[in-house]
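Me: I'd like to learn how to read a helix and an RNA-facing surface in a model like this. Can you walk me through it?

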Amino acid sequence: MSHGSPVRTRFAPSPTGYLHIGSVRTALYAWLYARHHGGTYILRIEDTDRERSTQAAVDAILEGLAWVGLDADEGPFYQTQRLERHREAAHRLLAEGKAYRCYCTREELEAMRAEALAKGQKPRYDGRCRAGDRVRPDVAPALRFKNPLDGEVVVDDLVKGRIVFANAELDDLVILRSDGTPTYNFSVVVDDADMRITHVIRGDDHVNNTPRQINLFRALDVEPPAYAHLPMIHGPDGTKLSKRHGAVNILEYREMGFLPQALLNYLARLGWSHGDQEIFSVDELIEHFDLDRVSRSAASFDPKKLLWVNQQHIMRAPEQQLVALLAEQLERQGVDPANGPPLALTVAALRERSQTMREMAEQAHCYYQEIEQLDPKAARTHLTPAAHGVLAALADALGGLDDWSEAPIEQAVHGVAERLGLKLGKVAQPLRVAVTGRAASPPIGITLVLAGKERTLRRIARALEWVERAAREAGTAGSQP
RNA sequence: GCUCCCUUCGUCUAGCGGUCCAGGACGCCGCCCUCUCAAGGCGGAAACACGAGUUCGAUUCUCGUAGGGAGCGCCA
């Protein structure tokens with residue numbers, strides 16, 4: 001295939017909106033392929049559609065790619081900056097008799113399409129200007145490529161296998177519009193040729209463009225690149241992945257608290273596999289990725305599995321990364337990360353119980369700000385009248401501690417349980433609800449360390465009041481006949 | 001309509017003619033661990049779309065059928 005020639009891949013998004021999660025997978029595969037083979041990965045912005053392309057979209061794409069770490073070796077190149085080059089190539093084809101001027105009007109073309117459709121045929125250009133005898137000085141002509149009339153184009157797709165197209169099925173496509181601007185299919189070929197792309201890795205919505213592009217390469221006297229068409233990503237319901245399936249904008253995943261390495265891992269495994277391995281570091285992906293393991297059928301995006309993969313990466317991520325992200329999320333949620341324990345401690349306690357960094361931050365609220373309200377269900381089941389004595393004993397035992405660290409705290413809590421002849425759960429749970437406001441938290445010792453001594457004692461006192469008030473209210477209610 | 005592509009548990013996938021009464025993972029259910037929640041361990045339910053061939057033998061090869069998808073612009 002690549003006879004020793006260095007691999008050059010590219011990702012070529014058009015900036016008409018945010019960076020779609022499916023596009024990120026395409027970029028990832030192109031990037032991984034280049035990295036795995038020691039090649040070059042190029043970023044090219046296909047902004048020839050001036051109507052729909054925006055700078056905001058360009059920025060969103062660059063930001064998204066930067067976030068996931070898909071760094072380009074060359075580029076970003078902008079297709080609009082290469083217009084002259086495209087025109088020049090088109091006129092060369094014209095001069096060589098490989099293209100011709102088309103004077104057909106819009107109405108004419110539409111009529112042609114309507115007619116073909118009515119006859120149950122594929123709408124295609126019939127080549128009426130190809131002979132060059134329909135010159136009309138009153139219309140600005142477009143340039144059409146003279147596609148070969150017969151024979152076939154064979155695509156040995158690296159993931160789909162051999163695909164054969166009959167040239168008779170292909171019509172003469174416009175390469176230069178009547179306003180002189182190049183069309184997508186032509187720009188792509190000129191750019192891929194100029195940038196010496198060896199492997200075009202893209203979505204399989206492009207397979208039908210491939211034979212035309214190969215014909216253009218040949219007309220340009222350039223050896224076509226190898227092609228790898230990736231199957232689409234569907235939503236959980238099997239239809240094309242879109243907004244109604246949840247987030248498709250890559251940057252939303254950052255806000256939701258996903259780790260870029262987790263997203264990459266999940267996306268890589270969506271349509272590719274390496275034995276039974278599920279969790280990969282980016283380096284492992286680079287080491288193992290290749291196109292021969294890419295599946296040929298569409299895959300459905302599964303948010304639940306993404307969550308699991310993210311959690312696995314949270315458990316493995318460097319502490320430093322998590323500390324920074326936790327701080328970010330807390331601030332986003334309006335909580336001051338300085339108003340509590342060192343973030344590294346919180347990360348250590350919560351990294352095994354968070355599927356996202358957002359969730360980790362939510363679980364951490366009670367260590368950085370006052371509790372607005374106890375979880376009603378947790379309070380009802382654990383802050384019972386019987387818990388009053390327990391809490392009082394805990395306040396006493398914990399209040400006397402000088403060393404506020406995990407071991408002594410647990411010792412004190414165990415001591416209270418023993419003295420009262422209670423199972424640990426009967427002591428730890430009320431304490432947990434009192435201190436965190438919830439029924440679930442890290443082990444009680446760590447939890448109290450995170451809360452700090454002062455907060456802990458204050459919250460036990462408040463819980464005591466809560467129990468008393470509940471008892472009073474119950475008593476009042478009970479006395480009513 | 002035409003061209004092209006796809007089809008293994010709900011989902012991601014392993015399987016490249018016999019090792020498959022089909023393996024792993026997510027999710028789901030149960031058990032264990034256990035101060036809660038997780039994490040972890042163990043176990044369970046759950047799939048080769050259908051029909052013909054080829055072959056001693058098909059999940060694996062070929063062809064049909066059905067279902068799904070993509071494309072058919074002077075959009076990208």
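Me: What covers the buried residues of H16?
Reply: Among what covers them are helix H15 (387-399), H17 and helix H18 (444-451). Contact means heavy atoms within 4.5 Å, and helices are DSSP runs of H or I, at least four residues, numbered from the N terminus. This is a predicted model, where local features need pLDDT of at least 70, side-chain atom pairs count only at pLDDT 80 or more, and totals for chains, interfaces and linings use all residues. Residues are numbered from 1 along each chain as written, chains are lettered from A and ligands numbered from 1 in written order, and side-chain values use heavy atoms, leaving out hydrogens and water.

Me: Which residues of H16 are buried?
Reply: An α-helix has 3.6 residues a turn, so residues three or four places apart point the same way. In H16, Pro408, Ile409, Ala412, Val413, Gly415, Val416 and Ala417 are buried (under 20% relative accessible area, 1.4 Å probe, protein chains only). Just after H16, Gly421 has a positive phi of about 65°.

Me: And the RNA side: which residues come nearest to RNA strand B?
Reply: Near means a heavy atom within 4 Å. Gly120, Arg177, Gly271, Glu352 and Arg432 come nearest, out of 66 residues around RNA strand B.

Key
Buried < 20%, exposed > 50% of the residue type's maximum accessible area, 1.4 Å probe, protein only. Helix = DSSP H or I, 4+ residues; strand = E, 2+ residues; numbered from the N terminus.
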